[in-house]
Amino acid sequence: MIPVKAYAAQSPTSLLAPFHFDRRDLREYDVLVDILFSGICHSDLHQARDEWGGSLYPMVPGHEIVGKVIRTGEKVTKFKTGDTSGVGVMIDSCRVCNPCKSYMEQYCQEGMTGTYNGYERDKVTIAQGGYSTQIVCDERWVYQVSDKLNLAGVAPLLCAGITTYSPLKYANVATGDKVAVAGLGGLGHMAVKFAVAMGAEVTMLSTSPSKAKDARELGAHHFVLSTDEGAMEKMKSSFDVVLDAVSGNHDYEIYLKLLNVSGKLLVVGLPKDEPKVNPFELIKNRRSIIGSMIGGTVETQEMLDFCAEKNITADVEVIPMQYINEAYERMLKNDVKYRFVIDMASLK
Ligand code: NAP
Ligand code: ZN
Ligand code: ZN
């Protein structure tokens, strides 16, 4: 077994605190990654506090992982010792159903194996995530990362990046499209960068007036306060796509109304409570609501390569592991610019 240091939640109400556990010895297709940086996703907080129900404890969150390969199993072909690599939101799946065969493992019909807060395929071991010094993972779910990029800024690409890249690609966002992004947090700021890189005219919809300047620096062409009813009314029926990356409870209505004919509301935000949807707003303009979960292994590598080519990384605030509980509180106050990333050297 491989002993690792970590931070874990022991219950929905406990603070995250130091925790030790063992990773499995390497199987033939496994890679051992020494973790350099681990991003903090709002999903970590939702799950550590059991906001979606069914959380398993002890829980080591973290699914935005970047590190160095330090050992490989006998049959590993993708990696060698010293390679820079990443691990995201999943670490395994059934591998034989149709979505798995087409590399959309996140939609595995048996359920994907999450990086944490779930059982591994043996149905006994609780998977533990990236707030830890090392991780063991089958090479299919480990990605090649370019050394050209700032690695702290790469970590969030493994969840915030792919989760926004995938639906924008699915919606065929292209030059001249009018795209709005709701919620300027970790996911939202990546959505702005990607939509701009895909050639869209991008409007940031935010509840925080203080983020206007940052939104423009991120590349957004316009900034509108989603709490300003008059400004929202003026924009009705004018967007091809609205990407909803909001973490808190909200109704879809205010974003749906913005969609033009055949417009798409791309939902990635996962608040605790279920939003209401008025069917009259849906039939108007033949609007649709499309949910999207992270992205598959092939698309995740494609997104990382796209980022290396276009020099795209997340804007990050690097913190030591010991700051995690304060970081969670700041995330709840919408005070993240625009992703916390843990420097794992602080735990070694
Ligand atoms: P985050 O960094 O905390 O950002 C969320 C942003 O949403 C906030 O900064 C805030 O932006 C806005 N917001 C929060 N509460 C709001 C409310 N009640 N009404 C309107 N806006 C509100 O969170 P994140 O890490 O980007 O994650 C966003 C959501 O996506 C979370 O629910 C997370 O669980 C989910 N997620 C889904 C997937 C997937 O596969 N679909 C993957 C990862 C994460 P402003 O200050 O600009 O208003
Ligand atoms: Zn995430
Ligand atoms: Zn499957």
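Let me start with N172, which counts as exposed at 60% relative accessibility. Exposed means over 50% relative accessible area, buried under 20%, and partly exposed in between, with a 1.4 Å probe and protein chains only. This is a predicted model: local features need pLDDT of at least 70, side-chain atom pairs count only at pLDDT 80 or more, and totals for chains, interfaces and linings use all residues. Residues are numbered from 1 along each chain as its sequence is written, chains are lettered from A and ligands numbered from 1 in the order in which they are written, and side-chain values use heavy atoms, with hydrogens and water left out.

Back to N172. Its phi is positive, about 55 degrees, although N172 is not a glycine. You will find N172 in the loop between α4 and β10 (178-182). Helices (H or I, at least four residues) and strands (E, at least two) are DSSP runs, numbered from the N terminus.

I294 also has a positive phi, near 25 degrees, and is not a glycine. It sits in the loop between β15 (288-291) and α10 (297-310). I294 is buried, at 7% relative accessible area.

Now the cis peptide bonds. One joins Y57 and P58, with omega about 0 degrees. P58 is in the loop between α1 and β4 (65-72). Another joins K337 and Y338, with omega about -20 degrees. Y338 is in the loop between α11 (324-332) and β17 (339-343).

On to ligand 1. Which residues come nearest to it? Out of 30 residues around ligand 1, they are H42, S206, T207, S208 and R339. Near means that a heavy atom of the residue lies within 4 Å.

A polar side-chain atom of T207 is 2.5 Å from a ligand 1 oxygen. For R339, a side-chain N or O atom lies 2.6 Å from an oxygen of ligand 1.

What does the shell consist of by class? Twelve nonpolar, 16 polar and two charged residues. Helix α1 gives the largest share, three residues. Domain 1 (2-158 + 314-346) and domain 2 (161-291) each supply at least three residues to the shell. The domain bounds come from an automatic or database domain assignment.

Next, H46, in helix α1. H46 is buried, at 3% relative accessible area. Its side chain makes a polar contact with the side chain of E51, at 2.6 Å. The H46 side chain also reaches the backbone oxygen of L270, at 3.4 Å.

Last, the zinc ion, ligand 2. Which protein atoms are its donors? C41 (SG), H63 (NE2) and C159 (SG), lying 2.0 to 2.2 Å from the zinc ion. Donors are N, O and S atoms within 2.8 Å of the metal (3.2 Å for Na, K and Ca); water is not among the atoms, so sites may look incomplete. The sequence spacing is C-x21-H-x95-C. C41, in the loop between β3 (30-39) and α1, and C159, in the loop between α3 (151-154) and α4 (160-170), are 118 residues apart. C41 is buried at 3% relative accessible area, and C159 is buried at 4%.

Terms used
Polar contact = N/O pair within 3.5 Å; in protein donor to acceptor, adjacent residues only side chain to side chain. Nonpolar A, V, L, I, M, F, W, Y, C, P; charged D, E, K, R; others polar.
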